[in-house]
Amino acid sequence: MIKVTAIETGKARMKTAQQTGSDQRGAVGRKIDIFRDRNWVDPLPILCFLVEHPEGRFLIDTGDTWRNSVPGYLPGWNPFYKQVSIRVAPNEEVGPRLAAMGLDPARDLSAVVLTHFHHDHTGGLDHFPHNRIIGPKANYAISTGLRGMMTGCLPQRWPVWLKPELVETDGPGIGPFSQSFPITRDGRIALVPTPGHVAGHCSVIVRGDDMTYFLAGDATYSQENLLAGRTDGVTNDPALARETLRKIREFCAMQPTILLPAHNRDGLRRLEQREVFA
Ligand SMILES: [Zn+2]
């Protein structure tokens, strides 16, 4: 029996130009559009997902931390961080959320899986000092040091103990994804490469008995944008991001699949109502 549960860890707001980039604009133009945009989207959930599988429980992403919204946490020299607003209360972090579900990470989680290393996916890592942490090697490579700090990562805030198990998607293909990294021995939970939002980004496919789940991370912010082939304002490679969206659409149409992006309230409704991709 495989079960997927959404865990909301606070709220994020972004500019409309971040949520949906202009088709006409390249990588730099999209960033300029975000800075010029005066319109903010309504607060979006910051989601993690708990996947229960016969081999154990797996947490996909860790959300952000309450510290994100206190002065001094974000690097003041990087104006990009002012284009996103994170609001997490201490008891909304993923650790307290799991505790409220009766789960102790050290005892009850087999691994934490990161889709990518942006701060709103790694901010909850402090709760998992005793866990196996799995992340995409290709994304980690661009997320450390100054380069990471310039592109939405906060390596200076990662826990001192963090030594993620960096994986490459060199396993068997799944549908339109020519490669994967199986997380469970039966391959029913697997990482697939979905680059575009950032290089090396991965999504998580969960194949249950009668339902498949596509945990998209930030590969897309919404099912509408996915269907329309609209990429975000963050991408440095719009063509690659569009190709990723095409693959996700193709995969989701292959079998009944619930699409679950990391910042999408409709995803919560789809999960609750078992509404499949169409
Ligand atoms: Zn991201």
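Student: In which segment does Arg274 lie?

Tutor: Please keep in mind that this is a predicted model. Arg274 has a positive phi of about 55°, although Arg274 is not a glycine. As for its place in the chain, Arg274 lies in the segment after helix 10 (265–273).

Student: Asp61 also has a positive phi although it is not a glycine, so is Asp61 buried or exposed?

Tutor: The phi of Asp61 is about 70°, and the residue is found in the loop between strand 3 and strand 4. Buried means under 20% relative accessible area. Because the relative accessible area of Asp61 is 2%, Asp61 counts as buried.

Student: Which arrangement do the four donor atoms around the zinc ion have?

Tutor: The protein donors are His116 (NE2), His118 (ND1), His197 (NE2) and Asp218 (OD), which lie 2.1 to 2.2 Å from the zinc ion. Because the angles that the four donor atoms subtend run from 92 to 167°, the arrangement is irregular.

Student: How many residues apart are His116 and His197?

Tutor: In sequence, the donor residues of the zinc ion are spaced H-x1-H-x78-H-x20-D. His116 is in the loop between strand 5 (111–113) and helix 5 (119–122), whereas His197 is in the loop between strand 9 (189–193) and strand 10 (202–207). Both His116 and His197 are buried, and the pair links distant parts of the chain, being 81 residues apart.

Key:
Residues numbered from 1 in each chain as written. Predicted model: local features only at pLDDT ≥ 70, side-chain atom pairs only at ≥ 80, totals over all residues. Heavy atoms only, no water. Donors = N, O, S within 2.8 Å, 3.2 Å for Na, K, Ca; no water. Tetrahedral: all angles 85-135°; square planar, octahedral: opposite > 155°, others 65-115°. Helix = DSSP H or I, 4+ residues; strand = E, 2+ residues; numbered from the N terminus. Buried < 20%, exposed > 50% of the residue type's maximum accessible area, 1.4 Å probe, protein only.
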